[in-house]
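Hi everyone, thanks for making time for this.

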Amino acid sequence: MNKIFHYGIIFFIIVGLIFNKQEAMLKALLQTPFDVFELCKTLILSICLWNGLLKIIQASNMMNHLNFLFKPLLRWIYGRCIQDEQIYQALSSNLIANLLGLGTLATMSGLQAISKLKEKNYPLQIKILVVINTAGFSILPTTMMTIRQNYHSQNILAFYPYSLFIGFSITIIGIVIIKVIEHV
Amino acid sequence: MSNLILLIILWSFLECAYKKIPIYEEFITGVKEGMRYLMILFPSIMLLTLWVNLFLSSGFISLIGTFFIRFFSIPLDLLLMAFTRPISSQTSLIILKRIYDHYGIDHLYSLMGSILQTGSDTTLYVVSLYYGSIHLKKYSYTLWLGFFLDFLSFVFMLCFYYLGMIS
């Protein structure tokens, strides 16, 4: 990844110089800290809030009532690592948050899960977790619904069946590819 | 949706009250733990944003867009969206809004843009954030697999379009 960042930046600067984009690139460079501030402000403060609430949800053991629903599914995806209670809690929260389209909660629980998986040494499950989150399958894409509503769409949910199919398919394909590569 | 989330929170608060779990301490501990992520995530977010900003401003994206457009009978903006979606969600959203303004929200191309935006997540951001949080620099094949899945979601959308399944 170092190489992608390193050579990518060299390549983009050269391309920018060739296409005479110096002004735009310098502007983008100077804009970076402000973009980072905006991103961190939203991300970290939301993470703090959701982590606080997540602690309460986990302490209440509420998730255990939904075990019958998520345990078989998570066992198929992640294997035996879900026998660890902390890992199971984080992975199930991540799955629920992704499905409900709660981006920050998904990030928060995903970060918790990945640190636990690293601690307990589950490299395969780390890859599966990351790929599932890059696919970002959601049954409630609230952001898109809000945008289409703001544009006064006649059919707000017209995109929904297609994105549901695509999101579901690429998630399954991603999991299967990893399992095939790792011969699980 | 709002009801569901509020009900989950209410349910867990009630269960904590029943089990006499100290909610205040749990919440404060959670917030403090959340703050720790600032120091862990900040450096990788800074580098990622710099990379993305230079990538988008270099003109490279328009170059590959204009090169590939000859192979597809779709607007250039949709193709640019497909390229930017795995890298920057904000940028692809700006392009999507441009498509909405140009064609109208209920046009076929606007619908295709909406599908593209929701079909997958920002791969580069997710991969560098997750691996950055555990200080792992080697992403193995996950980044490329993520990009492949984004490509696949674009292919699915094109198939729907060429097969006349989107109207």
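This is a predicted model: local features need pLDDT of at least 70, side-chain atom pairs count only at pLDDT 80 or more; totals for chains, interfaces and linings use all residues.

Okay, chain A. How many helices and strands does chain A have? There are 8 helices and 0 strands. In terms of extent, the C-alpha trace of chain A spans about 60 × 45 × 35 Å along its principal axes.

Chain A has 184 residues, and 51% of them count as buried. Now take contacts between residues at least 6 apart in sequence: in chain A, 61% of those join residues at least 24 apart. The accessible surface of chain A comes to about 9000 Å², and carbon and sulfur atoms account for 65% of that. On the charge side, chain A carries 14 positive and 7 negative side chains, with the centres of the two sets 6 Å apart.

Now let's bring in chain B. The size of an interface is often given as the accessible area lost when the parts come together. For chain B and chain A, that buried area is about 7700 Å², with 80% of it on carbon and sulfur atoms. Counted by residues, 84 from chain B are in contact with 86 from chain A.

How many salt bridges cross the interface of chain B and chain A? The rule finds 2. One pairs A:Lys55 with B:Glu33, and their closest N and O atoms are 3.3 Å apart. Another salt bridge brings together B:Asp106 and A:Arg148, at 4.0 Å from N to O. Why does that pair join two chains? B:Asp106 sits in the loop between helix H5 (89–103) and helix H6 (108–119) of chain B, while A:Arg148 is in helix H7 (residues 142–150) of chain A, so the pair links the two chains. B:Asp106 is partly exposed, with a relative accessible area of 40%, whereas A:Arg148 is buried, at 1%.

If you search the whole structure, over all chains, you find 7 salt bridges. Let me show you one inside chain A. A:Lys41 pairs with A:Glu38, with the closest N and O atoms 3.4 Å apart. The two are 3 residues apart in helix H2 (residues 22–60) of chain A, so about one helical turn separates them. A:Lys41 counts as partly exposed at 35% relative accessibility, and A:Glu38 is partly exposed too, at 42%.

Next, over to B:Glu15, which is in helix H1 (residues 2–18) of chain B. Is B:Glu15 buried or exposed? It's buried: its relative accessible area is 10%, and the cut-off for buried is under 20%. Leaving out residues up to four places away in sequence, B:Glu15 touches A:Ser60, A:Asn61, A:Met62 and A:His65. Its side chain also meets that of B:Lys19 in a salt bridge, 3.1 Å from N to O. B:Lys19 is partly exposed, with a relative accessible area of 37%.

Let's hop back to chain A for a loop residue. Where is A:Tyr122? You'll find it in the loop between helix H5 (103–119) and helix H6 (123–135) of chain A. A:Tyr122 is partly exposed, with a relative accessible area of 27%. Setting aside neighbours within four places in sequence, A:Tyr122 is in contact with A:Cys81, A:Ile87 and A:Leu117.

Last stop is helix H7 (residues 123–133) of chain B, which is mostly covered, with 11 of its 11 residues buried. Among those buried residues are B:Tyr125, B:Tyr130, B:Tyr131 and B:Gly132. What covers the buried residues of H7(B)? The cover includes H2, helix H4 (85–99), H5 and H6 of chain A, together with helix H2 (23–57) and helix H8 (142–162) of chain B. And just after H7(B), B:His135 takes a positive phi of about 55°.

Terms used: Residues are numbered from 1 along each chain as its sequence is written. Chains are lettered from A and ligands numbered from 1 in the order in which they are written. Side-chain values use heavy atoms; hydrogens and water are left out. Helices (H or I, at least four residues) and strands (E, at least two) are DSSP runs, numbered from the N terminus. Buried means under 20% relative accessible area, exposed over 50%, partly exposed in between (1.4 Å probe, protein chains only). Contact means heavy atoms within 4.5 Å. Accessible areas come from the Shrake-Rupley method with a 1.4 Å probe; for residues, only the protein chains shown count as cover. Lys and Arg count as positive and Asp and Glu as negative; His and the chain ends are not counted. The place of a charge is taken as NZ of Lys, CZ of Arg, CG of Asp or CD of Glu. Buried area is the accessible area (1.4 Å probe) that two parts lose on being put together, summed over both.
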